[in-house]
Amino acid sequence: MCCLKCDTFPLKIEATEVENEEQEDNKEFILNMLQRVDYEALKGAAKDLSIEGLPDILPENVGENEAAMKSLHKLLLELQVKNGDLVCTNPQCGRRYPIKDRIPNMVLRDDEVMELKK
Ligand SMILES: [Zn+2]
């Protein structure tokens, strides 16, 4: 997700409440996600949520890398941000998008939309 005001990507996650739901291993899902998301952004999200163990560079055979898969499993399947904010890291902007009951509110206010149209 990127900032709707300034396109900064990725947004930083500031979680005030996270939920951990245990999920069965799903290697296929994780490998599929890895092809669709930006690994740098994933690493950022892992850092924001204090999940350790993601290699600096995505290993080619990540499916065989138990430690990496374990971290990815937690990040992509188990951990849910229940409440918090997604924060734009552009100092000129700093827009916060609140997350409530797991749903991020990515809608701009009317005055912000007007400003963008100028
Ligand atoms: Zn922004």
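The dialogue below takes up the fold, the helices, the core, the pockets and some backbone details.

Biologist: What kind of model is this, and how is the chain built?

Modeller: The model is predicted. The chain has four helices and four strands, and along the sequence they follow the pattern β-α-α-α-β-β-β-α. Along its principal axes, the C-alpha trace spans about 50 × 30 × 20 Å.

Biologist: How many of the 118 residues count as buried?

Modeller: The share of the chain that counts as buried is 36%. The term requires a relative accessible area under 20%.

Biologist: What share of the contacts joins residues 24 or more positions apart?

Modeller: Among contacts in the chain with a separation of 6 or more, such residues account for 60%.

Biologist: Why can one speak of a buried face on α1?

Modeller: The buried residues of α1 are I30, M33 and L34. Viewed down the helix axis, these residues fall within an arc of 105°, and therefore they line one face of the helix. The face turned away from that buried side carries the exposed residues E28, Q35 and R36.

Biologist: Against which elements do the buried residues of α1 pack?

Modeller: They pack against α2 and α3. In α2 the buried residues are Y39, A41, L42, K43, A45 and A46, and these pack against β1, α1 and α3.

Biologist: What makes a group of residues a nonpolar core here, and which residues have the most contacts inside the largest one?

Modeller: The members must be buried residues of the nonpolar kinds, such as Leu or Val, joined through side-chain atoms within 4.5 Å. The largest such core has 28 residues, and L72 and L75 have the most contacts inside it. At least two residues each come from α1, α2, α3, β2 and β3. The element that gives the most is α3, with six residues.

Biologist: Which residues does L72 touch?

Modeller: Leaving aside residues up to four places away in sequence, L72 touches I30, L34, L42, L54, V62 and L77. In general, nonpolar side chains tend to be buried together in soluble globular proteins.

Biologist: How much space lies in the largest pocket, and which residues line it?

Modeller: The largest pocket holds about 690 Å³ of space. Its lining has 23 residues, and M1, I13, L42, A45 and L86 lie nearest the centre. Two or more lining residues come from each of α2, α3 and β2. The largest share, five residues, belongs to α2.

Biologist: Why is E22 called exposed?

Modeller: Exposed means over 50% relative accessible area. E22 has 72% relative accessibility, so it counts as exposed. E22 is in the loop between β1 and α1. Its C-alpha atom is separated by 8.1 Å from that of L77, although the two residues are 55 apart along the chain.

Biologist: Why is S50 also called exposed, whereas R102 is called partly exposed?

Modeller: At 65%, S50 is over the 50% cut-off and therefore counts as exposed. R102 has 31%, which lies between the cut-offs of 20% and 50%, so R102 counts as partly exposed.

Biologist: What makes the backbone at S50, R102 and P10 worth a remark?

Modeller: Most residues other than glycine have a negative phi, and most peptide bonds are trans. S50, in the loop between α2 and α3, has a positive phi of about 55° although it is not a glycine. R102, in the loop between β3 and β4, also has a positive phi, near 75°. P10 lies in the segment before β1, and the bond that joins F9 and P10 is cis, with omega about -10°.

Technical notes:
Residues numbered from 1 in each chain as written. Predicted model: local features only at pLDDT ≥ 70, side-chain atom pairs only at ≥ 80, totals over all residues. Heavy atoms only, no water. Buried < 20%, exposed > 50% of the residue type's maximum accessible area, 1.4 Å probe, protein only. Contact = heavy atoms within 4.5 Å. 1 Å grid on protein atoms, 1.4 Å probe; cavity = no way out; pocket = protein on both sides within 12 Å on 5 of 7 lines; lining within 4 Å. Points joined across faces, edges and corners; volume = space filled by probe spheres on them. Arc of directions from axis to C-beta.
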